[in-house]
Amino acid sequence: MSDTARVKELILAGEPLPSGRLTVDDTIDLQYEAGLVVSGKGAAFANRNRGTWLVWTGAPDRPMFRLTNIAESVFESFLVEAESPLQCAFLSLSDIPKGNFGRPRFNRWRRVLIHGRMHTEYGWRFEKVDRDAMNSEMTYWDCHTVDVLHSWHIGHAQSKSHRFFDCEANSPDIPPGSG
């Protein structure tokens with residue numbers, strides 16, 4: 001049974017994601033929002049019962065999260081795991097602004113772990129849609145990827161100021177299958 005709709009409802013309502021396994025079988029599409037807080041109960045490889053565990057079971061050509069012009073938002077304390085092939089965990093798109101809405105900027109990720117299980121092409125992917133695109137001022141604290149082909153991919157020159165603190169790509173400290 002899919003938890004995709006429930007996860008999106010909790011996010012848009014500003015509610016934290018619960019502990020335990022949440023199955024996501026379709027893209028969680030978030031558009032033209034500012035100030036979102038997507039918060040779980042922790043990201044633990046060794047003991048998933050103590051954290052929030054988002055498990056991808058959807059189509060291989062889709063991202064788990066598609067963030068179109070999402071700004072000033074926080075994503076924290078959860079594990080993303082690919083049980084089936086996953087294009088990417090987070091796809092951030094910069095599009096022509098809707099009305100006066102700005103472009104993606106000032107998003108923060110804290111304690112987000114992505115376990116690709118050799119099924120994931122990208123952890124974080126930043127792309128433009130229009131020629132004046134931006135994906136700027138992104139910050140990552142204690143974010144890790146394991147078994148992900150490209151942990152971070154910045155697909156255009158106007159994506160500026162990505163800051164990393166205590167992050168690791170394909171961390172040897174967390175061996176595949178340790179959970």
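**Charged and aromatic side chains in a predicted structure**

Arg21 is partly exposed, because its relative accessible area is 36%; the class runs between buried (under 20%) and exposed (over 50%), for a 1.4 Å probe and protein chains only. The model is predicted, so local features require pLDDT of at least 70 and side-chain atom pairs pLDDT 80 or more, whereas totals for chains, interfaces and linings use all residues. Residues are numbered from 1 along each chain as its sequence is written, and side-chain values use heavy atoms, without hydrogens or water.

Which residue forms a salt bridge with Arg21? The partner is Glu83, and the closest N and O atoms are 3.1 Å apart; such a bridge places a side-chain nitrogen of Lys or Arg within 4 Å of a carboxyl oxygen of Asp or Glu. This pair links distant parts of the chain, since Arg21 belongs to strand S1 (residues 20-24) while Glu83 sits in the loop between S6 and S7, 62 residues apart. Strands (E, at least two residues) and helices (H or I, at least four) are DSSP runs numbered from the N terminus. Glu83 is also partly exposed, with a relative accessible area of 45%.

Is Glu81 buried or exposed? Its relative accessible area is 4%, so Glu81 is buried.

The side chains of Glu76 and Arg110 meet at 3.3 Å, N to O. Because Glu76 lies in strand S6 and Arg110 in strand S8, the pair ties together parts that are 34 residues apart in sequence. Glu76 counts as buried because its relative accessibility is 15%, whereas Arg110, at 25%, is partly exposed.

The structure holds 17 aromatic pairs, in which ring centres lie within 6.5 Å (the six-membered ring for Trp), with planes under 30 degrees apart called stacked, over 60 edge-to-face and the rest tilted. The rings of Phe75 and Phe90 have centres 5.8 Å apart and planes at 70 degrees, so this pair is edge-to-face. Since Phe75 is in strand S6 (residues 74-82) and Phe90 in strand S7 (residues 86-94), the pair ties together parts 15 residues apart in sequence. Both Phe75 and Phe90 are buried. Phe90 and Trp109 likewise form an edge-to-face pair, because their ring centres are 5.8 Å apart and their planes stand at 70 degrees. With Phe90 in strand S7 and Trp109 in strand S8 (residues 108-128), parts that are 19 residues apart are therefore tied together. Trp109 counts as buried, at 0% relative accessibility. Phe75, Phe90 and Trp109 are among the residues that ring pairs link into a cluster, which also includes Trp124, Tyr140 and Trp152.
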